[in-house]
Amino acid sequence: DIRVKISSIGALEQNLLADRRAETERLRNWLLGILVFSFLAAVTLAFAGARAVRIYIETLNASKSALVTETNLRHETEATLRQSQKMEAVGQLTGGIAHDFNNLLTIVMGNLDTVQRRTAAAPAGQDAAHLATTLRKPVDMALQGCRSAAQLTHRLLAFSRRQTLEPTTLDVNRLVTGMSELLRRTLAETIQMETVLAGGLWMTHADANQLENALVNLVVNARDAMPNGGRLTIETANSFLDDAYVRRFGDITAGQYVVLCVTDTGTGISSDVIDRVFEPFFTTKDTGKGSGLGLAMVHGFIKQSKGHVRIYSEVGRGSTVKIYLPRQQNAELPISTPAGNADIATVARALPGETVLLVEDNAGVRDYGVSVLEDLGYRVIEAADAFEGLAKLAANPAISLLFTDVVLPNGLSGRDLANKVRMKRPDLPILFTTGFTRNAIVHNGTLDADVHLLNKPYTQQELGKKIRELLDMSKAAKVSVAS
């Protein structure tokens with residue numbers, strides 16, 4: 001009975017073991033199927049992912065190519081636009097120059113033609129006094145036309161930052177105070193002028209004459225903006241421009257500046273044209289009341305002086321123009337007033353025995369210079385180039401002063417001539433003249449320290465004054481050395 005029961009239990013256990021083995025086999029098959037399915041799914045997903053990445057990269061490359069094409073197109077469009085704007089500006093500039101110069105040439109040529117006709121039509125026995133009276137007005141008008149043409153040239157040089165500057169240590173308060181009476185006479189009686197000068201104002205380093213011209217231009221513009229009267233305020237101050245201001249405007253460096261501010265209560269400038277007020281020949285004034293070069297000249301001079309200028313305006317409320325000039329550190333007070341206040345009405349004449357060596361390649365200009373100097377009483381020795389000038393100097397040791405053009409032919413400039421002359425005659429005064437300032441005696445828009453320059457065109461008064469100053473300085477220096 002026990003063996004039967006044990007056999008029954010063994011058979012039962014064998015059946016359970018078989019069932020468990022079958023269940024285990026089924027689970028193994030299921031797991032194997034799941035693993036195979038997972039592997040296939042992973043491969044499929046990897047393939048799909050790779051394909052998606054490839055499609056994305058292709059799309060990205062296509063977008064990049066399209067962006068590059070669009071960027072190039074935009075750059076080309078911007079370049080075309082800049083060129084168009086540049087050509088428009090050049091066209092406006094040349095048109096304005098042509099208009100103004102043609103008017104001035106009409107004045108000069110017309111009045112010279114009048115002189116020629118009146119001279120030819122004068123009776124044979126007419127006295128010189130009557131003829132001079134007949135010719136005085138057209139001659140004066142022709143001279144005025146030439147002066148206006150020279151002033152226009154200087155304004156264009158100022159706009160293009162090519163004028164020759166003679167900067168000195170400058171007290172802007174003193175400059176404004178010295179010009180107050182002149183500025184008051186410029187304004188109408190209905191305009192009140194007020195000056196607000198800062199105490200302890202810093203010194204700056206700038207050309208006093210050009211700053212005077214800039215201030216006069218701003219005051220005249222303010223006057224024209226107040227036809228019915230108003231108030232004009234000229235103010236000075238110390239200021240510091242920080243990095244945030246520099247980042248905003250980008251045409252100035254951070255640091256300490258002297259500020260000259262001109263404010264009016266006039267008609268103001270609309271926002272759509274205020275960005276163009278510094279363009280040459282652009283003006284908001286009525287035809288015939290402004291050349292459009294005033295603010296352009298101011299802007300060019302201030303930028304050439306490493307300064308900054310800003311204009312703020314509101315229609316119906318007025319305008320404010322602020323000029324920022326760099327502070328000059330460790331500066332002493334200027335001793336003299338600006339050269340622009342000097343009186344040149346009296347012609348300075350030669351002293352006995354004074355001789356001038358004139359070196360000029362242009363025959364017409366040379367003849368004019370000789371006649372002017374001889375009229376002033378100087379003995380004149382002329383030369384057409386530097387080599388002839390050196391020969392004339394060697395043959396005439398009594399020469400008192402060298403007056404030479406900067407630009408000369410045959411490979412030797414006026415500066416080269418001056419250097420050779422100083423090796424032989426280091427005490428000889430030298431005066432340069434030129435019609436163009438980008439040359440050997442001007443660097444960064446500023447005259448070299450040892451250079452004296454008279455810009456073309458010049459008058460007899462200007463030439464005589466300059467030569468007299470140099471000769472007197474030379475004599476004073478010799479007396480000082482001798483003592």
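Predicted model: local features only at pLDDT ≥ 70, side-chain atom pairs only at ≥ 80, totals over all residues.

Reader: In what order do the strands of the open sheet of 5 strands stand?

Author: The pairing in this open sheet is parallel. From one strand to the next, the twist averages 20°. The order of the 5 strands is 9-8-10-11-14.

Reader: Why is one side of strand 9 and of strand 14 left without a neighbour in the sheet?

Author: A strand in the sheet may have a neighbour on either side, but strand 9 and strand 14 (453–455) have a single partner strand each. One side of each is therefore left without a neighbour, because both stand at the edges.

Reader: Which residue of strand 9 stands opposite leucine 357?

Author: Strand 8 (residues 355–359) pairs with strand 9 (residues 379–383) in the parallel sense, over 5 bridges. Within strand 9, the residue opposite leucine 357 is isoleucine 381.

Reader: Which residue in strand 11 is the bridge partner of aspartate 405?

Author: Strand 10 (residues 401–405) and strand 11 (residues 430–434) run parallel and are joined by 4 bridges. The bridge partner of aspartate 405 in strand 11 is threonine 433.

Reader: What angle does the direction of helix 7 make with that of strand 9?

Author: Helix 7 (residues 363–375) forms a right-handed β-α-β unit with strand 8 and strand 9. Helix 7 packs on the sheet and touches strand 8, strand 9 and strand 10. Its direction makes with that of strand 9 an angle of about 165°.

Reader: At what angle to strand 11 does helix 9 run?

Author: Helix 9 (residues 414–424) lies across strand 8, strand 10 and strand 11. Relative to strand 11, helix 9 runs at about 175°.

Definitions and conventions. Residues numbered from 1 in each chain as written. Heavy atoms only, no water. Pairing = 2+ DSSP bridges. Helix = DSSP H or I, 4+ residues; strand = E, 2+ residues; numbered from the N terminus. Right-handed = clockwise from strand over helix to strand, strands pointing away. Axes fitted to C-alpha atoms, helices over the stretch in contact; angles between N-to-C directions. Contact = heavy atoms within 4.5 Å.
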